[in-house]
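Here are my notes on the structure for you to read beside the sequence and the model. Please keep the display open while going through the points.

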Amino acid sequence: MEPEKENSGTLINSAIADESKFEYKRILTGDRPTGPLHLGHYAGSLKNRIRLQDRYETFILIADIQALTTNFEHPEKLKENIFLVALDYLSAGIDPNLSTIVIQSMIPEISELTTFFSMLVSVNLLKHNPTIKTEAKERGYKELTYGFLGYPVSQTADIAIFKADLVPVGIDQLPHIEIARKIVRKFNELYCGKLIEPFALIGKFPRLVGLDGNLKMSKYYGNAINLSDDFDSIKIKIRSALTDKNRIHPADKGNPDICTIYSYHMAFSDETLVNETGYNCRNGKIGCVKCKENLFAVIKNLLEPMNERRARYLNNKDEIWDIMLTGTKKARLTAIETIKEVKESMKILYAPE
Ligand code: SF4
């Protein structure tokens, strides 16, 4: 494969969807079931999925195979984690009548397509993917497994198998969408294929900082507010969050731009409260304790209806598995159709299927 020539910054921009210009049809989105979803997931992409689910046909993939890229030593945890992620989706407002929730490993055509796509991408391109590089560094990986390096190839197959043209993702995943576009383009050029080059849809707050001020809220760093946390825990977490360290007294003039709490206000509070908070902080008119209480009230308000739905679903756990299995069965029909088309394009459909 020829070395990639394009400038990655330009490519990344070209991968972002412009909702006002394109008429998209189908969304593919999802998460690796490695633990509970948190406010970062909600602000980065889940909110968008809920907003768009009645406008586009939506497939939400619980990517259990991809969870193994970093958790291969504990596959026994997957079943429980799949359940918890589905519970988080439904509690947050994903409507199973509008969105199809799919378990990745139950669609074998995805693995098949991943294998075909892996022929079309250079190891060099995968190695230089900034998301993979950052994650490998953060996790202290000295040697990368084939599966970890190939995660974006598997993700490309997820998107292509369902013929999705729009992918709501957090900003971290943007380089993966560009790789997906390259692979699909190459497939179409080589085999006269008709696969769709997807676009990324980035949430308004694509990356929520962690409670400790770390650039990213993550279950891995233990700096997250989970959607399933109880209110007492959330209160304690908010109290512990990093603020402007130079502020000692409530009358000290602060800088909200370097404050974790203010960034959460921007993500979750209404405009009036955001503006008031910024003004009051800069002019020493509000203490951090009060400011955190205001934020807690906002988060509580956001999570209360989710908690009500969560309680309802927890009373009927079988319903959650039914939703996932029904969704997977429905999604597989599309996957079977796509893999047939892929093989036809590649001229390797040896017998009628
Ligand atoms: S008043 Fe609010 S925005 Fe300002 S530093 Fe304190 S917590 Fe942050």
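The numbered points below go from the basis of the model to its strands, its ligand and its salt bridges.

1. This is a predicted model, in which local features need pLDDT of at least 70 and side-chain atom pairs count only at pLDDT 80 or more, whereas totals for chains, interfaces and linings use all residues. Residues are numbered from 1 along each chain as its sequence is written, and side-chain values use heavy atoms, with hydrogens and water left out.

2. Strand 5 covers residues 199-202, where strands (E, at least two residues) and helices (H or I, at least four) are DSSP runs numbered from the N terminus. Phe 199 and Leu 201 on one side of strand 5, and Ala 200 and Ile 202 on the other, are all buried, a word that means under 20% relative accessible area, with exposed meaning over 50% and partly exposed in between (1.4 Å probe, protein chains only). Strand 4 (residues 166-169) runs parallel to strand 5 and is joined to it by four bridges, and within this pairing Pro 168 has Leu 201 as its bridge partner.

3. Which residues are around the ligand? They are Thr 243, Asp 244, Arg 247, Cys 259, Ile 261, Tyr 262, Cys 281, Ile 286, Cys 288 and Cys 291, where being near the ligand requires a heavy atom within 4 Å of it. Helix 12 (260-268) and helix 14 (288-314) each contribute at least two residues to this shell.

4. Lys 340 is found in helix 15 (residues 317-346), and it counts as partly exposed because its relative accessibility is 33%. Between Lys 340 and Thr 243 there are 97 residues in sequence and 55 Å in space, taken from C-alpha to C-alpha.

5. Side chains of opposite charge can pair when their charged atoms come close. The count of salt bridges comes to 17, each being a side-chain nitrogen of Lys or Arg within 4 Å of a carboxyl oxygen of Asp or Glu.

6. One of the salt bridges joins Arg 310 to Asp 88, with the closest N and O atoms 2.8 Å apart. Arg 310 lies in helix 14 and Asp 88 in helix 4 (residues 78-92), so this pair ties together parts that are 222 residues apart in sequence. Arg 310 and Asp 88 are both buried.

7. Arg 185 forms a salt bridge with Glu 178, the closest N and O atoms being 3.9 Å apart. Are these two residues buried or partly exposed? Arg 185 is partly exposed, at 25% relative accessible area, whereas Glu 178 is buried, at 5%. Both belong to a network of salt bridges that also links Arg 181 and Glu 197.

Technical notes: Pairing = 2+ DSSP bridges.
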